[in-house]
Amino acid sequence: MEKVKGILTHRQRQALATRELIVDAASELFLEQGYLTTTIEAISAKAGVAVSTVYAVFRNKRGILQAIRERWHQESGQRDIYRQAMEQSDPKRRLELAAYATRRQWETSSAMMAIYLAAAAADPDAAAELSTALQGRRTFLTQFIGEMSEQLRSDLSPARAVTIFYTLTQPTIYQDLVGDGWSPEEYEVWLAETLREQLLSSGC
């Protein structure tokens, strides 16, 4: 039976459930044992599926890393928030939503970041995956800021504005401030105000 009107078939639901089992198992093992020492065999055993199933779904550990990142995107909701931001004509509101997306991005990222950074330090394939993820973020932010070029400060080129935005939204800033006692909400308010001050012209 085919998928009808957005309803998943039984087989599709089973496939998604298997995928989630594998990602859950891999995430736990990557955190407990390290990315490099965790084998596909160990992941399959913990997930309760055949080794061949893991390979069929993800091909390799890099594929599982991609799935871990995709799950994080879904959990944070950052894509939907940025989509809302890009629909706004008011540049201040766009940056407020960008600050909220950034807060959600780092608020939900602790496990994913720990896995990615440890994996990248130990394995060239994982390092390449992290590089791809970071480049994708930079490319998106270039587009996001580029659409606001008319509202930027007159002394800022779009490229420099992207660099400022990219720097202010680094995860280390979130971690330092929240680690020093700030709430995620306080970080969000600070970031929105700082982005407005640093990027927008006085007339906005």
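When I say helix, I mean a DSSP run of H or I with at least four residues, and a strand is a run of E with at least two, both numbered from the N terminus. With that settled, hello everyone, and let's walk along the chain. The pattern of this protein along the sequence is α-α-α-α-α-α-α-α-α-α-α. In total that comes to eleven helices and zero strands.

A word on where the numbers come from. This is a predicted model, where local features need pLDDT of at least 70 and side-chain atom pairs count only at pLDDT 80 or more, while totals for chains, interfaces and linings use all residues. Residues are numbered from 1 along each chain as its sequence is written, and side-chain values use heavy atoms, with hydrogens and water left out.

Now the overall picture. Along the principal axes, the C-alpha atoms fill a box of roughly 60 × 45 × 30 Å. The protein has 204 residues, and 41% of them count as buried. By buried I mean under 20% relative accessible area, with exposed being over 50% and partly exposed in between, using a 1.4 Å probe and protein chains only. A contact here means heavy atoms within 4.5 Å. Among contacts with a separation of 6 or more, 65% are between residues 24 or more positions apart. For a sense of distance, take Thr9 and Gly146: they are 137 residues apart in sequence, and their C-alpha atoms are 42 Å apart in space. Gly146 sits in helix α8, and with 32% relative accessibility it counts as partly exposed.

Let's turn to helix packing. Two packed helices are described by the angle between their axes and the distance between those axes. The axes are lines fitted to C-alpha atoms, for helices over the stretch in contact, and the angles run from 0 to 180 degrees between N-to-C directions.

How do α1 and α2 pack? Their axes are 8 Å apart, at an angle of about 120 degrees. The two are therefore oblique to each other. On this scale, angles under 35 degrees are roughly parallel, over 145 roughly antiparallel, 65 to 115 roughly perpendicular, and the rest oblique. From α1, the contact uses Leu21, Ile22, Ala25, Ala26, Glu28, Leu29 and Phe30, and from α2 it uses Ala42, Ile43, Lys46 and Ala47. By class, that is nine nonpolar, no polar and two charged residues. Nonpolar covers Ala, Val, Leu, Ile, Met, Phe, Trp, Tyr, Cys and Pro; charged covers Asp, Glu, Lys and Arg; the others, Gly among them, are polar.

Further along, helix α7 (residues 110-122) and helix α8 (residues 124-146) have axes that come within 6 Å and cross at roughly 130 degrees. That makes α7 oblique to α8, and their crossing is left-handed. Here Tyr116, Leu117, Ala119, Ala120 and Ala122 of α7 meet Pro124, Ala126, Ala127, Glu129 and Leu130 of α8. This contact has nine nonpolar, no polar and one charged residues.

On to salt bridges, meaning a side-chain nitrogen of Lys or Arg within 4 Å of a carboxyl oxygen of Asp or Glu. How many does the structure hold? There are 15. One of them joins Lys46 and Glu28, at 3.3 Å from N to O. This pair links distant parts of the chain, with Lys46 in helix α2 (residues 40-47) and Glu28 in helix α1 (residues 10-33), 18 residues apart. Lys46 is partly exposed at 41%, and Glu28 is partly exposed at 38%.

Another salt bridge runs between Glu185 and Arg103, whose closest N and O atoms are 3.3 Å apart. Glu185 is in helix α11 (residues 184-199) and Arg103 in helix α6 (residues 91-107), so the bridge ties together parts 82 residues apart in sequence.

Put together, Arg103, Arg104, Glu107, Glu185 and Glu188 are linked in a network of salt bridges.

One last stop: Arg59 is not a glycine, yet it has a positive phi of about 70 degrees. Arg59 lies in the loop between α3 (51-58) and α4 (61-76), and counts as exposed at 68% relative accessibility.

Methods: Left-handed = near helix turned anticlockwise from the far one by under 90°.
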